[in-house]
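Please keep the sequence and the structure in view while reading.

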Amino acid sequence: MSSTGLQLVREKSGVKERSPMAHLLHALNQPLTGLQCSLELGLVGKRSVEHYLRALEAGLQLTSRMRLLVEALREIVDMEEDIAGRGEVLVLQDVVAEIVEEIRPVAVSRGGTLFLQSGPPIHVRADRQRLTATIFRQVESAVSLAWPGSEVRMTSSRDDSDGWLMLEWREGERAETGSLSRAELGLLVAAAAWEQMGAAVENTRLAGWQKTTVRVPLQGPVQAADYVPAAGDGDGI
């Protein structure tokens, strides 16, 4: 993936990651500046009709990029509501297993696989619909960004206070457009949704693999003996 792509990833540094909103605002600045420069140059002296047509085409492309970014910003803003105390206690792995089964045909159509490995149950408090939409967006984006024919891995486990869900994929090639793709925007929106649900999201890149780790505070029972594996746990799906 080019350096102009998703920069939510932290590569072995102590620098605090930008928030998803900050990333989107930063990404919005580039096409906005480009559009302003294009319009200003169009007003300098007389130009050929072909020049103005090229300027209009470039302006439309920049506007299209800005529209995608604004849509993502609007989606995050619409999610910003007080959700304290809302929802129910759910087993995270059960929700993940349902989503993996739903997205499996997409991965197979690209010649790849989804591998799901679940540890002890992670009980979280969340609105089921919102949690499902967030995980679906995250996994769907990872499958789209993964190298065709490669494996997307999902692993879950927990410690004494937190549960974690890890998503890993081998990065595919990306056009040098300097803009965020829909899939990359999907990862940012999903990260913002996780953070609004009280989770912490960390992204790292190593040797061509990208990893997103979501840590969530545990709710309810945490005894390993209570765990009943969801269908497909530990299998390549």
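## Salt bridges and model confidence

Arg67 and Glu71 are joined through their side chains by a salt bridge, with an N to O distance of 3.6 Å; the term denotes a side-chain nitrogen of Lys or Arg within 4 Å of a carboxyl oxygen of Asp or Glu. Both residues belong to helix α2 (residues 49-79), where they stand 4 residues apart, about one turn of the helix. Helices (H or I, at least four residues) and strands (E, at least two) are DSSP runs, numbered from the N terminus. Arg67 counts as exposed because its relative accessibility is 60%, whereas Glu71, at 38%, is partly exposed. Here buried means under 20% relative accessible area, exposed over 50%, and partly exposed in between, with a 1.4 Å probe and protein chains only.

The model is predicted: local features need pLDDT of at least 70 and side-chain atom pairs count only at pLDDT 80 or more, while totals for chains, interfaces and linings use all residues. Residues are numbered from 1 along each chain as its sequence is written, and side-chain values use heavy atoms, with hydrogens and water left out.

The whole structure contains 7 salt bridges.

| Pair | Closest N and O atoms |
|---|---|
| Glu151 and Arg153 | 3.1 Å |
| Glu171 and Arg205 | 2.8 Å |

In the pair of Glu151 and Arg153, Glu151 is partly exposed, with a relative accessible area of 29%, and Arg153 is partly exposed as well, at 33%.

Glu171 and Arg205 are both buried. Elsewhere, a network of salt bridges links Asp159, Asp162 and Arg215.

The loop between β6 (200-206) and β7 (209-217) holds Ala207. Phi of Ala207 is near 55°, a positive value in a residue other than glycine. Ala207 counts as exposed because its relative accessibility is 73%.

Confidence is given by pLDDT, the predictor's score for each residue from 0 to 100. The protein chain averages 80, and 80% of the residues score at least 70. Over residues 1-15 pLDDT stays under 50, and the model has 41 contacts beyond four places in sequence for them; a contact means heavy atoms within 4.5 Å. Residues 222-237 also stay under 50, with 36 such contacts.
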